[in-house]
Amino acid sequence: MSNKYIERDPRNYILDGEARALYWWVYRQKFDNLKSQLRFGERLTMDLDICVMANNLLKAEDFDLRKVDRKAIHNFTYPGISAHIKFSDDIHEVCGAIFDRDAKRQDCMYTANIFNINTAGYHVYYLPLDNQPLHVRLVHETHLQNPELDQVPIKFRRQVTEIFSTNKIRKCTLDSFC
């Protein structure tokens, strides 16, 4: 796999005032294909893959809510885990678009289909950020009933961890194989 962060696609570009992630051609293509179907704060029910980034091994604790996960995004107040509509299999492009940096050795991307995520009681809401128009939030149904609840029960966090762990993409290095 080539490093798309270093060997950039010549189609990459950004216009003044655009979201930073749109610089990446694959991100722009995915967004352009979906934008007419996406509505802020709406629950996604399309057949889409969602990706989360984590270091090395994904654990149930990675789905623990932190302070930032409880912050409202505009008028959407339900807490949840940040994720993205999957736009590439290349982890360098994904890290470039999401974090504005190249992938690090410990970076891993995990993907799952919305329908599978729903089986763990999580719902995917479209909540674009200023620089990431494909941003979503995974909200568990217990938080839809009671947003003040501390954490999602561990059995659901373990279940969603297993769902995402079946599709792991990691950075290739000279001393490891993908």
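Two strands are said to pair if DSSP finds at least two bridges between them, and the strands (E, at least two residues) are DSSP runs numbered from the N terminus. The model is predicted, with local features needing pLDDT of at least 70 and side-chain atom pairs counting only at pLDDT 80 or more, while totals for chains, interfaces and linings use all residues. Residues are numbered from 1 along each chain as its sequence is written, and side-chain values use heavy atoms, leaving out hydrogens and water.

An open sheet is formed by 6 strands, which follow the order E4-E5-E2-E1-E3-E6 with antiparallel pairing. At its edges are strand E4 (122-126) and strand E6 (168-170), each of which pairs on one side only. On average, neighbouring strands of the sheet are turned by 35° against each other, direction ignored, where the axes are lines fitted to C-alpha atoms and angles run from 0 to 180 degrees between N-to-C directions.

| Strands | Bridges | Facing residues |
|---|---|---|
| E1 (residues 49-55) and E3 (residues 107-113) | 7 bridges | valine 52 and tyrosine 110 |
| E1 and E2 | 2 bridges | isoleucine 50 and isoleucine 85 |
| E2 and E5 (residues 135-140) | 4 bridges | serine 82 and arginine 137 |

Strand E2 (residues 81-85) is largely enclosed by the rest of the structure, because 4 of its 5 residues are buried, a term that means under 20% relative accessible area, with exposed over 50% and partly exposed in between (1.4 Å probe, protein chains only).
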